[in-house]
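Please look over the model below. A brief report on its helix, strands and surface follows.

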Amino acid sequence: MVQPDDLSQLGRDARPAASPDEAVLETVPYRRGEGAPTIVRFTCPEFTSLCPVTGQPDFAHLVIDYAPDERLVESKSLKLFLTSFRNHGAFHEDCTVAVARRIVEATKPLWLRIGGYWYPRGGIPIDVFWQTGPAPEGVFLPDQGVPPYRGRG
């Protein structure tokens, strides 16, 4: 069983880091068991970062699916990590893949995919997709559920 002292953010006053590089992404042990892997989904419909050129805010709906092996992402630390992008200047593609790579680095999952559905600025929405490889055999993998951007139509 995870003890509160094992984690630095859960159950404590914790503020988002000034940058994603400074953010702490904590994990907890997970016992996978037999059979097909479990798929865990995190949805962040209000992800924000900054355009690295103009400094204007960019907004995205992130959907992260992963098949944990021995470690789970602790959800409060994930929220704080994602919030650390609020003042971070990077292109949509870089932000989306950086989130995925950090989770992979922290948890070493069997598999992970991310969909970054960025809201339009300048009239063009950008959707970014990345995954570690083919999904594990036998998993239930639902659609990410984010429709293509259609504006007011």
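Helix 2 covers residues 92-107, and its 16 residues should span 22 Å at 1.5 Å a residue. The end C-alpha atoms of helix 2 are 23 Å apart, which agrees. Keep in mind that this is a predicted model.

Which residues of helix 2 are buried? They are His92, Cys95, Thr96, Val97, Val99, Ala100, Arg102, Ile103 and Thr107. Lys108 follows helix 2, and the phi of Lys108 is positive, near 50 degrees.

## Paired strands

| Strand | Partner | Bridges |
|---|---|---|
| Strand 2 (residues 40-50) | Strand 3 | 9 bridges |
| Strand 3 | Strand 5 (residues 111-121) | 8 bridges |
| Strand 5 | Strand 6 (residues 124-131) | 7 bridges |

Strand 3 runs over residues 57-67. It is mostly covered, with 9 of its 11 residues buried. Strand 3 pairs with strand 2 and also with strand 5.

Individual partners can be picked out. Leu50 has Pro57 of strand 3 as its bridge partner. Ala60 stands opposite Trp118 of strand 5. Tyr117, in turn, stands opposite Asp127 of strand 6.

Two hairpins connect these strands. In the hairpin of strand 2 and strand 3, 6 residues lie between the strands. Gly55 sits in that turn with a positive phi of about 75 degrees. The hairpin of strand 5 and strand 6 has 2 residues between the strands. There, Gly122 takes a positive phi near 75 degrees.

## Phe59 and the surface

Phe59 belongs to strand 3. Together with Tyr119 and Tyr149, Phe59 forms a nonpolar patch on the surface. The accessible area of the three residues together is about 320 Å². As a general rule, side chains in a regular strand alternate between the two faces of the sheet.

## Thr27

Strand 1 covers residues 27-29 and includes Thr27. Thr27 has a relative accessible area of 16%, so it is buried; the cut-off for buried is under 20%. The side chain of Thr27 is joined to that of Arg71 by a polar contact of 2.9 Å.

How values were computed
Residues are numbered from 1 along each chain as its sequence is written. This is a predicted model: local features need pLDDT of at least 70, side-chain atom pairs count only at pLDDT 80 or more; totals for chains, interfaces and linings use all residues. Side-chain values use heavy atoms; hydrogens and water are left out. Helices (H or I, at least four residues) and strands (E, at least two) are DSSP runs, numbered from the N terminus. Buried means under 20% relative accessible area, exposed over 50%, partly exposed in between (1.4 Å probe, protein chains only). A polar contact is a pair of N or O atoms within 3.5 Å; within protein, one must be able to donate a hydrogen and the other to accept it, and residues adjacent in sequence count only if both atoms are side-chain atoms. The expected span of a helix is 1.5 Å times one less than its number of residues. Two strands pair if DSSP finds at least two bridges between them. Patches are made of residues with over 30% relative accessible area and no salt bridge: like charges are joined within 9 Å, nonpolar side chains (Val, Leu, Ile, Met, Phe, Trp, Tyr) within 5 Å. Accessible areas come from the Shrake-Rupley method with a 1.4 Å probe; for residues, only the protein chains shown count as cover. A salt bridge is a side-chain nitrogen of Lys or Arg within 4 Å of a carboxyl oxygen of Asp or Glu.
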